Amino acid sequence: MEVGLIGLGKMGTGIAKSLLRAGHRVKVYNRTVARAEALRADGAIVAPSVAEACRSEVVLTMVADDAALEGLVFGEGGILASLPRGAVHVSLSTISVALSDRLTSEHAKVGQGYLAAPVFGRPDAAEAGRLAVVAGGVEALVQKCKPLFEALGPKLFVVGERPSMANVVKLSGNFLIATVLESLAETLAFARKSGVDAGALMEFLTATLFNAPVYKTYGELIVEGKHEPAGFALPLGLKDVRLVLQAAEAANVPMPIASVVRDRFITAMARGNQDKDWSVIGRVAAEDAGLAQTTRAAG
C-alpha cells in the first residue's frame, strides 16, 4: 500500500521500518527533518510537508499527545485539509477518548475515514514488527488497513466500530501496566529493606505466580535500576494515567488506584526524572524506604 507516516519518534521510526520491510511504499514526515532523512536508506520517501504525506490512500500518525495530534489534524495545511476524500487517517497514538470521538466526527464531515489503532509494545518491538494493535472503526476501513496492521505485529484486536473504543482499550492496558509498576516498586523496596535479594525474588515470582512479559521486563528494569534510555518516558506515563482518570470521570467510573499512581508519577517528576523510563517509580519507592539507589552493575 501507499501510506504516509507522520511522527518519527522512537515508536514512529520503528513502525516506519516495519512497514518498509513488509513492502509498503512509505512517505514519512517529521518536524525534525533529520529523523525522516535517516529513513531514506531503508527505502522511505521523505515528504516535505504534512500535506505531501497526506497524498496517500492512508496516513498514519504517531505523536506524543492530544495537543500534537490536534495541531497536525486541524492546523493550516493539516491532515483534515489535505487528505483526499475517501482516504483514511489512522491514529496510532495514545490519545484521549474525547479527541478520538472528535476526530471521528470531523473526518466524516469531509468524507474522510478515521480509525483509532493504538499499539502496545516498546520501541524495539515496533522495529521488529512485534507490536499488538487495537483497532476501532468501520469494519470496511479496518479490512482496508489490515495489511498495515499485520506489518506492525502478529496480534490484532478489533474492538468495535466506534474508533474511541480502541482508545479505551489502550488506556486500560496502560493503566494496568502503571499499576504493575507501582506494585513492583513497593514489593521490591519491601523485599530489599527486609534483606531479601530483589533479583532472586523477581526470578522466582516471574517463573511462578507472575510468569508474564510485563512483570519480567519491568521487574528487571527496577531491580537493575536501569531507567535510561527511556523506552517509555515518565511524562508520557503520567499523561496516560491522567487520560484514564479524565475518561473515567466522564463515564462516572471511580478509579482510586489510578489517582494513587498519578501522584506517584508526579512525585517522580518532582524529583527530576522527566527523561527517565516510567519504571523509575521503582527508584521513588526505594528512596521513600531509605534505600540506596540501585544500578545495573549492582543489580
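Student: In which helix is Asn174 found?

Tutor: Asn174 is found in helix α9, where a helix is a DSSP run of H or I with at least four residues, a strand is a run of E with at least two, and both are numbered from the N terminus. This is a predicted model, in which local features need pLDDT of at least 70, side-chain atom pairs count only at pLDDT 80 or more, and totals for chains, interfaces and linings use all residues. Residues are numbered from 1 along each chain as its sequence is written, and side-chain values use heavy atoms, with hydrogens and water left out.

Student: Why is Asn174 called buried?

Tutor: Buried means under 20% relative accessible area, exposed means over 50%, and partly exposed lies in between, with a 1.4 Å probe and protein chains only. Asn174 has a relative accessible area of 5%, which is under 20%, so Asn174 counts as buried.

Student: What does Asn174 touch, not counting residues up to four places away in sequence?

Tutor: Asn174 touches Thr94, Phe120, Phe232, Asp240 and Trp278, where contact means heavy atoms within 4.5 Å.

Student: How do you know whether Val284 is buried or exposed?

Tutor: Val284, which lies in helix α14, has a relative accessible area of 0%, and because this is under 20%, Val284 is buried. Among the residues that Val284 touches are Arg264 and Ala268, which are themselves listed as buried in α13.

Student: What is the span of α13, and how does it compare with the expected one?

Tutor: The expected span of a helix is 1.5 Å times one less than its number of residues. Helix α13 (residues 256-270) has 15 residues and reaches 21 Å from its first C-alpha to its last, close to the 21 Å expected.

Student: What makes the buried residues of α13 line one face?

Tutor: The buried residues of α13 are Ala258, Val261, Arg264, Phe265, Ala268 and Met269. Seen down the axis, they fall within an arc of 145°, so they line one face of the helix; the arc is that of the directions from the helix axis to the C-beta atoms. As background, an α-helix has 3.6 residues a turn, so residues three or four places apart point the same way. The face turned away from the buried side of α13 carries the exposed residues Pro256 and Ala270.
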